[in-house]
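Welcome, and thanks for taking a look at this one with us.

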Amino acid sequence: MKQRRTSLILGYCAFALFVFAVCFPVYWIAISSFTPRSSLLSSPPTYFPDTLTLDNYRRLIDSLPFREYLTNSILFAFGSALLAVFVSFTAAYAFARIEFRFRNWFFAFFMLTATLPSIATVIPLFRLYDRLGLVNTTQGLVLLMGSAQAPFTIWILTSFIRQIPKEIDEAARMDGAGLVRILVQMIAPLTKPAIATLFVINFILSWNELFYPLVFAKGLEAKTMTLGLVELTTSAGEGSGRPWDLMSALSMVMVVPTVIIVALFQRMIVQGLTRGAVK
Amino acid sequence: MRRLSRQPFLVAMLLIAPALLLRSVTAAWPFFNNAWLSLHRSNPTLGPDVYIGFDNYRRLFRSTTFQETTEFTILYTVASTILEIAIGLAIALLLNSALRARSIGRAMNLIPWAVPVVVTGIAFRFGLDSSFGLFSDLFTRVTGFQVDWLLDRWPARMSIIFTNVWRNAPFVAVILLAALQTVPEEILEAAKIDGANAVKAFTSISLPLISPVMLSIGVFFLIWQVSSFDLVLSMTGGGPGNSTQVLGYQAYLDAFQSLNFGRSAAMSMVLLSLVAVTGLLGMMLLRRVESRVN
């Protein structure tokens, strides 16, 4: 009995340490974003600021092309998630339900392209985009990001569709339903939770993506908040010359939506993420 | 008869066509083009590409900076992955135990994953600043040591690996927790009745059962982290000096700041060969482990 209690106490200590380690960096960004600029870079730092202000957010809205970056991030994340889920859904149906020649080869092709480092593809892509006039457009970025997310999405959706009893589409086919009707009216409603999960996961991943915007976004038309944040870091000088007030406020604008989404859809996201690894 | 066997192929092709087209145009084709490009002197400011054979590679392998970058890339990837799996397993075990608070813990696990890498990098960059950073201050208060985290070579390397682990270990925990939950309760109970303690039950039952999952996330994380560089870019920029530089970021800088496309293409091909070797070794190991489990 006594041994059980010690292990319980140890467990709670470890748990407290874990919670602290996860939350501390987020806490640091949060308090920084509400601390007046004048007392922000003080030494030693303050753990519990005594004055809180919204000034940093006000300056963020004024000084950066903040609204453009925000709009671009939303369009980019929404568009990429939508594209990835859409093209993956039809492909996953084919992989899950249809016996066709070279099926495993095609599937392997998708999975192999997922292991390619994206840096090993961007120079030719940049030249192509330059010729097509797709550099610095949100559409161009959406095509790249949606495509990059397709393999994982296909993988997970295929395993979900396999779980739906085959008899359902067979019965529908007997009744004379065409492929489109089966997909839209039978399979899509049945895989709605999986589709929603993958949409949410892909949305978060694109919202957080830096690489493609870094290479392909050159101006206000396409730059996202991730890129805006990186440019703030490199804009001013070293150390205390950097606009930590703006950076922490912008960081909060990027973190809060994803944390809310994670809190709301926690169970779904965990299911989606673990689907591939654990059968 | 022949038409019947051909039709499902056509239908299937129609269904996979959009994804296939996207992946071919944005991944397969540019990859082959990049491989070809690595054999050229290619710089948009110097006119058309010139075929130079393996010169880009030869020059790379002679460069000491490239050697240092490659070494740190491997160190960063391997050390991060090992720590992530070890700490991820610890978190998963903690949350799998009968603690009341574990549902809160499960939600927490996703937070570092949901925070944009760029934000993580910048938070740690400022937090580790030796005069006004909160993390560095806390470290000094607890241990009594004062370290210039991001100004010296090894502390900077440790910092960036640690930050990467902060971000990914909880994510690994999410997956390992799911794997631990597939271990049948009855077997663990039976082991306890036979007198095995918790440690023994874990090492002889749970660990072998989840080892294929651990191995496959290990390979997945090695492959994925070896080419990712957003943390390096936002946290240290590769510095101090060249000490935290990684191949992916160097290839990016070569291509889009120095406009040396050929050199960058060669570097990304070296990166790809690391991915390929890791993937092949991983698959061989996985096959062996899985055959032992079954």
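B:S243 is buried, as its relative accessible area is 1%. Please keep in mind that the model is a predicted one. The residue belongs to the loop that runs between α11 (230-235) and α12 (247-256) of chain B. Setting aside neighbours within four places in sequence, the contacts of B:S243 are B:E68, B:F72, B:R153, B:R157 and B:G238.

B:E68 and B:R157 join their side chains in a salt bridge, with 3.7 Å from N to O. This pair links distant parts of the chain, since B:E68 is in helix α3 (residues 64-96) of chain B and B:R157 in helix α8 of chain B, 89 residues apart. B:E68 has a relative accessible area of 19% and is therefore buried, the limit being under 20%. B:R157 counts as buried too, at 6% relative accessibility. B:R157 also lies over the face of B:W154, 4.7 Å from the ring centre.

**Salt bridges**

Side chains of opposite charge can pair when their charged atoms come close. Over all chains, the count comes to 13 salt bridges. Here are three of them, with their N to O distances.

| A:D169 | A:R97 | 2.8 Å |

A:R97 sits in helix α3 (residues 66-97) of chain A and A:D169 in helix α7 (residues 166-174) of chain A, so their bridge ties together parts that are 72 residues apart in sequence. A:R97 is buried at 12% relative accessibility, and A:D169 is buried at 2%.

B:D137 is buried with a relative accessible area of 14%, whereas B:R141 is exposed with 55%. In chain A, a network of salt bridges links A:R37, A:R59 and A:D245.

**Aromatic pairs**

A:F34 is partly exposed at 28% relative accessibility, while A:Y57 is buried at 16%.

In chain B, B:F124 and B:F162 make an edge-to-face pair, 6.4 Å centre to centre and with 65° between the planes. B:F124 lies in helix α6 (residues 117-127) of chain B and B:F162 in helix α8 (residues 153-180) of chain B, so this pair ties together parts 38 residues apart in sequence. B:F124 is buried at 3% relative accessibility, but B:F162 is exposed at 53%.

Ring pairs also link residues of chains A and B into a cluster, among them A:F126, A:Y129, A:F211, B:F229 and B:Y249.

**A nonpolar patch**

A:V256, A:I260, A:L264 and A:F265 make a nonpolar surface patch of about 350 Å². Of these, A:L264 is placed in helix α12 (residues 244-275) of chain A and is exposed at 62% relative accessibility.

Technical notes:
Residues numbered from 1 in each chain as written. Chains lettered and ligands numbered in written order. Predicted model: local features only at pLDDT ≥ 70, side-chain atom pairs only at ≥ 80, totals over all residues. Heavy atoms only, no water. Buried < 20%, exposed > 50% of the residue type's maximum accessible area, 1.4 Å probe, protein only. Phe/Tyr/Trp six-rings, centres within 6.5 Å; stacked < 30°, edge-to-face > 60°. Helix = DSSP H or I, 4+ residues; strand = E, 2+ residues; numbered from the N terminus. Lys NZ or Arg CZ within 6 Å of the ring centre and 35° of its normal. Patch = residues over 30% accessible without salt bridge, like charges linked within 9 Å, V, L, I, M, F, W, Y side chains within 5 Å. Areas by Shrake-Rupley, 256 points an atom, 1.4 Å probe, with all protein chains shown as cover. Salt bridge = Lys/Arg side-chain N within 4 Å of Asp/Glu carboxyl O. Contact = heavy atoms within 4.5 Å.
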